[in-house]
Amino acid sequence: MATKFINITLKIWRQQNSQSKGSLETYTLNKVSTDSSFLEMLDQLNEQLISDQKSPVAFDHDCREGICGMCSLYINGRAHGPATGTTTCQLHMRKFKDGETIYVEPWRSKAFPIVKDLVVDRSAFDRIQQAGGFISINTSGKTMDANAIPVPKQNADKAFEAAACIGCGACVAACKNSSAMLFVGAKVSQYALLPQGKVEAQERALNMVRQMDEEGFGNCTNTGACEVECPKGISIENIARMNREFLLAASKSNK
Amino acid sequence: MSIKTILNSSIVKKVWMALTGLFLCTFLVGHLAGNMQLVLKTGEEGRRAFNEYAYFMAHNPFIKVLSYVTYFSIIFHAFQGFYLTYQNKKARPQGYAYSKPAANSSLPSRYMAILGTLVLVFIVTHMANFWWKAKIKEDIPLHAYTVSIPGPMGQMQKQEFYYTHNLQLIPKNDEITVKNKTDLYMKSVNIKVAEGYVDLHTVVMDFFSPKQNEQAMFYVLLYVFSMCALAFHLWHGFASGFQSLGLNHRRYTPLIHSAGKLFAVIVPGMFALITILIYLK
């Protein structure tokens, strides 16, 4: 495909810090290569802003190959933009038309406060993970052979699908209730399906859900928006599994 | 983890929504089966069938228990729903300037609270229309029918009789009084001679009949509109209930979704159709 250049108008959320009141600012950006990624386009905008002696737009990014979960952005009304199963860093400008106006907003959730411009604080996810998203068997030093514990293939597959979650928060951003159930469901499922995760299965479900509720995320109403917008295609089947795990744990656990 | 934390958790709250919601779905089936008596048989037969059904509903102790579970479910489902909506709104204090929710979710799934409110308003109206008359005011006359019998001179005379449980012919005259809603007493000796039926059938038929009720058209439209709201509510709610209970399976979930959509169209559709049929009668 031949490289094309397009001119676009950007409406970007600018906010000085967590306390200040932000607003949508309009920028025009010319000669954007359709081969560039969305983040490269923002880099190009920032170069333009810097040369104009203006403050560049703050946005999160890291690996730029769709696996780190750092990039976010609510682009033209959708989490990670219009492409399916794609993170913002993997979204290319060829998805946009010449002369198009593109809205870029941060994730909106009480539990994800804005740090600056498009950067939000997603440490709520870290605290949920810390509440139970781990196993306490030794995985370093004298490790057991991985195949010594038999794992049914279908469980391994489902656990792997759940483990594909990169914790980007698109599920929260897309959900009309800002619910984090797809993230927590994926994390609970990932371990619940494997024998190594069974030891703390009960406490994990209880503690992670409690932490999720404390962080101020909304309640799940099963709209299914999260699984559609998830760049890793995590299924809401994982939410149902978390519900089962939680209810079982609540009825069985002595803690 | 304390019982309070568990009961207040987002998952348990949704489980309660699912259990009460799915119970109310079974209530709808029972209610519809009863309403079918209004249209399956016509004339005096239909009147008898419906009033006998109404008597059964008012006097069976098991139904009594179920009715309290139903009242509780409606109130709980509504209030819990409002509370969840309030919490969910609070979870996103500032919305998006530009959002395309239609790209990832169905319309009914995003408007459950509004659809539910419409259904609640309907339930209150509907109870004021019928439940109030039958249960609180208790001013519905007993089921009586007129027959022509030959008099002493051979000419036909019209006489009114109560429709009773043992089909005993009890004339509707000054000698008979009604006690305890349906008991027919002989006034002079104060003895119960038979038990009649409250004529709820006529109340319902008259309510939707343009000849008897000037506002019949308005009520038919209101009922049909409300059934549309209920249909959209169930379109998402039926299958959503199973998901909340953790019942999701690659093999069965598509089936539950289809069954839910079928249920959402057929059950409210039949309720609406019955009011239209009575109106057109």
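This is a predicted model: local features need pLDDT of at least 70, side-chain atom pairs count only at pLDDT 80 or more; totals for chains, interfaces and linings use all residues.
**Entry 1: domains of chain A**

I began with the domain assignment of chain A. It gives domain 1 as 5-115 and domain 2 as 123-252. I then looked up the spacing of the two. Their C-alpha centres lie 29 Å apart. Next came the contact between them. Domain 1 of chain A puts in 18 residues, and domain 2 of chain A puts in 16 residues. I sorted the domain 1 side by class. Seven residues there are nonpolar, eight are polar and three are charged.

**Entry 2: chain A against chain B**

I turned to the contact between the chains. In it, 39 residues of chain A meet 37 residues of chain B. Which elements of chain A each supply at least two residues to this side? I noted β5 (101-105), α6 (201-214), α7 (225-229) and α8 (237-252). Of the elements, α8(A) gives the most, with seven residues. I also took the classes for the chain A side.

**Entry 3: a sheet in chain B**

I moved to chain B and traced a sheet there. Three strands make up this open sheet, in the order β1-β2-β3, with antiparallel pairing. Which strands sit at the edges? They are β1 (144-150) and β3 (170-171) of chain B, and each of these pairs on one side only. I checked the pairing of β1(B) with β2 (residues 156-162) of chain B. The two strands run antiparallel and are joined by seven bridges. As a reminder to myself, strands of a sheet pair through backbone hydrogen bonds. I picked out one bridge by residue. B:Val147 has B:Gln159 in β2(B) as its bridge partner.

**Entry 4: A:Thr87**

Last, I looked at a single loop residue of chain A. A:Thr87 lies in the loop between β4 (78-79) and β5 of chain A. Is A:Thr87 buried or exposed? I have it down as buried, because 30 other C-beta atoms lie within 10 Å, and the cut-off for buried is 20 or more. I then listed its contacts, leaving out residues up to four places away in sequence. A:Thr87 touches A:Gly66, A:Cys71, A:His80, A:Cys168 and A:Pro231. I set these against the domain bounds of 5-115 for domain 1 and 123-252 for domain 2.

Note on methods: Residues are numbered from 1 along each chain as its sequence is written. Chains are lettered from A and ligands numbered from 1 in the order in which they are written. Domain bounds come from an automatic or database domain assignment. Two residues are in contact if their C-beta atoms, placed from the backbone, lie within 7 Å. Ala, Val, Leu, Ile, Met, Phe, Trp, Tyr, Cys and Pro count as nonpolar, Asp, Glu, Lys and Arg as charged, and the others, Gly among them, as polar. Helices (H or I, at least four residues) and strands (E, at least two) are DSSP runs, numbered from the N terminus. Two strands pair if DSSP finds at least two bridges between them. A residue is buried if 20 or more other C-beta atoms lie within 10 Å of its own, exposed if 12 or fewer, and partly exposed in between; C-beta atoms are placed from the backbone.
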